[in-house]
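Let's take a walk through this structure together.

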Amino acid sequence: MFDNDKVLNTLTDKVNDLLARYNEICEENESLRNELISVKAQNEAKTNQITRLEEDLRTKNTESDDVIRKIEAVLGK
């Protein structure tokens with residue numbers, strides 16, 4: 001009788017420990033999921049910023065080429 005109670009208590013303790021660990025892992029998983037979503041959003045924002053900067057650079061290069069052609073035209077080259 002006492003052995004059965006001891007076994008039952010041991011199993012109950014182990015199940016409770018497993019449930020506690022499962023809940024901790026679930027919380028950690030949720031935290032990591034939220035962090036991943038945040039990092040993906042930051043990455044997309046950086047990608048958009050890089051794209052805009054590349055477009056601005058192309059525009060500036062085109063403007064610069066136009067100015068150089070005009071100067072060369074004025075100088076007769």
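## A walk along the chain

Start with a pair of charged side chains: Glu 24 forms a salt bridge with Arg 21, and their closest N and O atoms are 3.4 Å apart. Keep in mind that what you're looking at is a predicted model. Where do Glu 24 and Arg 21 lie? Both belong to helix 1, three residues apart, which is about one turn of the helix. In general, an α-helix has 3.6 residues a turn, so residues three or four places apart point the same way. As for how open the two partners are, Glu 24 is partly exposed, with a relative accessible area of 45%, and Arg 21 is partly exposed too, at 44%.

How many salt bridges turn up in a search of the whole structure? The count is three, so let's visit the others, using the cut-off of 4 Å between a side-chain nitrogen of Lys or Arg and a carboxyl oxygen of Asp or Glu. Further along, Arg 33 pairs up with Glu 30 in a salt bridge, with the closest N and O atoms 3.0 Å apart. Here again both residues sit in helix 1, three residues apart, or about one turn of the helix. Arg 33 counts as partly exposed at 41% relative accessibility, and Glu 30 counts as partly exposed at 38%.

Now slide along to Asp 66, which makes a salt bridge with Arg 69; the closest N and O atoms of this pair are 2.6 Å apart. Asp 66 has a relative accessible area of 31%, so it is partly exposed. Arg 69, at 48% relative accessibility, also counts as partly exposed.

Leu 19 lies in helix 1 and is partly exposed, with a relative accessible area of 47%. From Leu 19 to Leu 32 is 13 residues along the chain, and their C-alpha atoms are separated by 20 Å. Asn 34 is in helix 1 too, and its relative accessible area of 42% makes it partly exposed. Between Asn 34 and Asn 61 there are 27 residues in sequence and 40 Å in space, going from C-alpha to C-alpha.

Time to zoom out. How many helices and strands does the chain have? There is one helix, and there are zero strands. Helix 1 takes in residues 2–75, which is 74 residues. At 1.5 Å a residue it should span 110 Å, and because its end C-alpha atoms are 107 Å apart, the two values agree. Just after helix 1 comes Gly 76, which takes a positive phi of about 80°.

What does that do to the overall outline? Taken along the principal axes, the C-alpha atoms of the chain fill a box of roughly 110 × 15 × 5 Å. A compact globule of 77 residues would have a radius of gyration near 11 Å, but this chain has 33 Å.

And how much of the chain is buried? Of its 77 residues, 0% count as buried, where buried means under 20% relative accessible area. The chain exposes about 7,400 Å², and carbon and sulfur atoms supply 56% of that. To finish with the charges where we began, the chain carries 12 positive and 17 negative ones, and their mean positions are 9 Å apart.

Definitions and conventions: Residues are numbered from 1 along each chain as its sequence is written. This is a predicted model: local features need pLDDT of at least 70, side-chain atom pairs count only at pLDDT 80 or more; totals for chains, interfaces and linings use all residues. Side-chain values use heavy atoms; hydrogens and water are left out. Helices (H or I, at least four residues) and strands (E, at least two) are DSSP runs, numbered from the N terminus. The expected span of a helix is 1.5 Å times one less than its number of residues. The radius of gyration is taken over C-alpha atoms; the globule rule is 2.2 Å times the number of residues to the power 0.38. Buried means under 20% relative accessible area, exposed over 50%, partly exposed in between (1.4 Å probe, protein chains only). Accessible areas come from the Shrake-Rupley method with a 1.4 Å probe; for residues, only the protein chains shown count as cover. Lys and Arg count as positive and Asp and Glu as negative; His and the chain ends are not counted. The place of a charge is taken as NZ of Lys, CZ of Arg, CG of Asp or CD of Glu.
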